[in-house]
Amino acid sequence: MNKGKSMKINLNNKEVSMAGESFSVRELLNLMHFTFPMIVVKINGRLVKKEDYDRVFIGDGDNVEAIHLISGG
Amino acid sequence: MKSKLEKLKGTCIGIAGCGGLGSNCAMALARAGIGTLVIADFDTVTLENLNRQYYFLDQVGQKKVVALQENIRKVNPAIDVQIHDVRLGPDEVVNIFKNCRLIIEAFDRADMKLMIIETITERFPDKFIIAGSGLAGYGENNALRTRRLGNLFICGDETSEVSAALPPLAPRVGVVAALQANQALEIVMDDLAPSVGDDVWDE
């Protein structure tokens, strides 16, 4: 039996446990139900540009901040 | 040592977009005593704008930046109001706002909000940006708030999207615009330090 690894991240100031070792930003946003198309994502204080969501990975201990940008002004 | 109001008088703030957020935020900063405002928008005042934007019936048809400059001068002609009648992309954002201490994001579209947040964070890591997100409809006073992520502040409820059933209306738009202006005052008057290492992922 192959027991999967797990990781803990801090997402918007809440600790979240996840099965797996790392996720791309896009995978994490899908898993966490960030549904609007425009989102500000910061990992450990650094902004991840939208074009980099498949290239940047989140691992154990990372601090992730994600906020929806909603149309209207 | 400079007084807090003197600091404000010596400060330049950029406002990207002169719709509901931008026009109301500009007027609040003008009345509070800002020294210089750099305002940018390509749009024209319409009748439909008057349910929330700081314009008047006789300004319908005017360029928003021209009308807003006029309204600011009616309150305080000493404010230096620099206007840019232009559609903003990354290059324009950099050129127009390079001398501003902080930038107010006051666009309508979410993709434009992300564009300016990415541009300012990448090109001006020492500048603050104050964005609006979620202001449609009415009620839910206490859902409107401000969150800080490094040099980025986001004001609004982060959920209510503008639609036919949930239009933008003066009170909630005005509250979010005032939250943005109030945050700007805190940054300037209390000399908030930019976050170290608040940059863009790059590898």
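I began with H3(B), where I found Lys64(B), Val65(B), Ala67(B), Leu68(B) and Ile72(B) to be buried (20 or more other C-beta atoms within 10 Å of the residue's own; 12 or fewer is exposed, in between is partly exposed, and C-beta atoms are placed from the backbone). Seen down the helix axis, the buried residues of H3(B) fall within an arc of 160 degrees, so they line one face of the helix; the arc is that of the directions from the helix axis to the C-beta atoms. I noted beside this that an α-helix has 3.6 residues a turn, so residues three or four places apart point the same way.

Before going on I wrote down that this is a predicted model, in which local features need pLDDT of at least 70 and side-chain atom pairs count only at pLDDT 80 or more, while totals for chains, interfaces and linings use all residues. Residues are numbered from 1 along each chain as its sequence is written, and chains are lettered from A and ligands numbered from 1 in the order in which they are written.

**H3(B), its length and cover.** Helix H3 of chain B covers residues 64-75, and its twelve residues reach 17 Å from first C-alpha to last, close to the 16 Å expected at 1.5 Å a residue (the expected span is 1.5 Å times one less than the number of residues). Helices (H or I, at least four residues) and strands (E, at least two) are DSSP runs, numbered from the N terminus. I then looked up what covers the buried residues of H3(B), and the cover includes helix H2 (20-32), strand S2 (36-40) and strand S3 (80-84) of chain B.

**H2(B).** I checked H2(B) in the same way: its 13 residues reach 18 Å from first C-alpha to last, close to the 18 Å expected at 1.5 Å a residue. Eleven of the 13 residues of H2(B) are buried, so it is largely enclosed by the rest of the structure. Among the buried residues of H2(B) I listed Gly20(B), Leu21(B), Cys25(B) and Met27(B). The cover over the buried residues of H2(B) includes strand S1 (12-16), strand S5 (128-132), S2, H3, S4 and H6 of chain B. After H2(B) comes Gly33(B), whose phi is positive, near 115 degrees.

**H2(B) against H3(B).** The two helices pack at an angle of about 25 degrees, with their axes 10 Å apart (axes are lines fitted to C-alpha atoms, for helices over the stretch in contact, and angles run from 0 to 180 degrees between N-to-C directions). That makes H2(B) roughly parallel to H3(B); angles under 35 degrees count as roughly parallel, over 145 as roughly antiparallel, 65 to 115 as roughly perpendicular and the rest as oblique. The contact is made by Ser23(B), Ala26(B), Met27(B), Ala30(B) and Arg31(B) of H2(B) and by Leu68(B), Asn71(B), Ile72(B) and Val75(B) of H3(B); residues are in contact if their C-beta atoms, placed from the backbone, lie within 7 Å.

**H4(B) against H5(B).** Helix H4 (residues 90-97) of chain B and H5(B) pack at an angle of about 55 degrees, with their axes 10 Å apart, and are therefore oblique to each other. Pro90(B), Val93(B) and Val94(B) in H4(B) meet Met115(B), Ile116(B), Thr119(B), Ile120(B) and Arg123(B) in H5(B).

**Two single residues.** I looked up Ile104(B), which is found in strand S4 (residues 102-105) of chain B and is buried, with 31 other C-beta atoms within 10 Å. The C-alpha atoms of Ile104(B) and Ile13(B), 91 residues apart along the chain, are separated by 7.5 Å. Leaving aside neighbours within four places in sequence, the contacts of Ile104(B) include Ile13(B), Gly22(B), Cys25(B), Ile130(B) and Gln180(B). Leu192(B), in the segment after helix H6 (170-189) of chain B, counts as partly exposed, with 15 C-beta neighbours inside 10 Å. Not counting residues up to four places away in sequence, Leu192(B) touches Glu186(B) and Ile187(B).

Chain A has one helix and seven strands, in the order β-β-β-α-β-β-β-β from the N terminus on. Of the 73 residues of chain A, 29% count as buried. The contact between the chains takes 38 residues from chain B and 21 residues from chain A. On the side of chain B that touches chain A, H2, helix H5 (110-123), strand S6 (145-149) and strand S7 (152-156) each supply at least two residues, and H5(B) gives the most, with seven residues.

How values were computed. Two residues are in contact if their C-beta atoms, placed from the backbone, lie within 7 Å.
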